[in-house]
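Here is a short report for a reader who is new to this structure. Look over the sequence and the model first, then read on.

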Amino acid sequence: MSNFNIKRFTQTLKWSALATKKEITTIAGCMFFLYMVPFIMSVISTQGEPDIVADASIENATLVCTFFFGVYTMISGCWIMNNMKTKEQRITFKMLPASDLEKFIVRAFYITVVWVLIGVVAFCLADLCHILICLISGSHGAYTTIPDVLNMWFEPADTHSMRMTTWGINFFAGVIAVNAWAFWAHSLYVLGGAFFRRRQFILTSCAHFALGILSLIIISYIPKENIFLSIEKSQNLVNTIAYVYTAVAIIVGLFNWWLTYKLFKRSQVINNKWINL
């Protein structure tokens, strides 16, 4: 059997779509209700208030939803092997007429592209319901917030740009550094989802927290006086640090994905109680 065949991959993708149909519906429903919470609170809290106050409240609700979406996409990696929780599910998935690479790509596609689409569709439905609630209740704010979300993602606010400039870092370097961190964080949850068999989210989050504490401890031993003195004198140094961090985060993230694939291949029908080995 060749390592990758487009026909086998397509068939496995179709099988995965049918097998995860119920899970997709559940996730979409949970995200829809999660998005609706800040929107409903916004409508309730601005009853009788001036339009400018209502607009500000809706903007805050949109920011909260954007935060929810960011966290949701970051932790989606924990579900990479969620289709093999039981012995029967593992046997079924392992017996599919496809290579390990094809199965892995299907699962990677599910926790990245499919999960993003689920989050986007759920938000659009929540936005529509928010408009209907405003129309029915006669409240101000019966307009879509989708353009505001697109502006947040693709047209960065001047305040963020000014803040980065104050820190001595140009906006491009700051943006790619943040996105590199997001890529690394997502890859960590993907690795945790493949390594841990139970409580993947909790255990991976604990590991993430421990790595953060370890990083702070290491940073605390760096001679800050000399570093910050140099940063104040040279913006190039700050940007260089951002670019180096970006490169390291991407390399480590790719390494996490490679480890995930190795764990995915080694996974058996009967594994350890807590880890997939």
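A polar contact is a pair of N or O atoms within 3.5 Å, where one atom must be able to donate a hydrogen and the other to accept it. Glu102 gives an example: its side chain reaches the backbone nitrogen of Ser99 at 2.8 Å. The model is a predicted one.

**Overall layout**

The protein has eleven helices and zero strands. From the N terminus on, the elements read α-α-α-α-α-α-α-α-α-α-α. There are 277 residues, and 36% of them count as buried. The protein exposes about 16,400 Å². Carbon and sulfur atoms supply 72% of that area. Among contacts with a separation of 6 or more, 79% are between residues 24 or more positions apart.

Glu102 sits in helix 5, which covers residues 100-137. Is Glu102 buried or exposed? Its relative accessibility is 0%, so Glu102 counts as buried. Setting aside residues up to four places away in sequence, Glu102 touches Asn3, Phe4, Asn5, Arg8 and Phe9.

Arg8 is also a polar partner: a polar contact of 2.8 Å joins the side chains of Glu102 and Arg8. The two side chains meet in a salt bridge as well, at 2.8 Å from N to O. The count of salt bridges comes to one.

**The nonpolar cores**

In soluble globular proteins, nonpolar side chains tend to be buried together. Here, the largest nonpolar core has 33 residues. Ile27, Tyr35, Tyr72 and Ile80 have the most contacts inside this core. Which helices each supply at least two of the core residues? They are helix 2 (21-45), helix 3 (51-74), helix 5, helix 8 (171-195) and helix 11 (235-266). Helix 5 gives the largest share of this core, ten residues.

Take Tyr35 as a case. Leaving aside neighbours within four places in sequence, Tyr35 is in contact with Cys65, Phe68, Phe69, Gly119, Ala122, Phe123 and Ala126. A second, separate core has nine residues, including Ile75, Cys78, Ala180 and Ala185.

**Surface and chain ends of note**

Ile219 belongs to helix 9, residues 200-220. Its relative accessibility is 45%, so Ile219 counts as partly exposed.

Lys87 is found in helix 4, residues 87-94. Lys87 is partly exposed too, with a relative accessible area of 43%. How far apart are the C-alpha atoms of Lys87 and Ile270? They are separated by 7.2 Å, although the two residues are 183 residues apart along the chain.

| Residue | Relative accessible area | Class |
|---|---|---|
| Glu102 | 0% | buried |
| Lys87 | 43% | partly exposed |
| Ile219 | 45% | partly exposed |

Methods:
Residues numbered from 1 in each chain as written. Predicted model: local features only at pLDDT ≥ 70, side-chain atom pairs only at ≥ 80, totals over all residues. Heavy atoms only, no water. Helix = DSSP H or I, 4+ residues; strand = E, 2+ residues; numbered from the N terminus. Buried < 20%, exposed > 50% of the residue type's maximum accessible area, 1.4 Å probe, protein only. Contact = heavy atoms within 4.5 Å. Salt bridge = Lys/Arg side-chain N within 4 Å of Asp/Glu carboxyl O. Core = buried A, V, L, I, M, F, W, Y, C linked by side-chain atoms within 4.5 Å. Areas by Shrake-Rupley, 256 points an atom, 1.4 Å probe, with all protein chains shown as cover.
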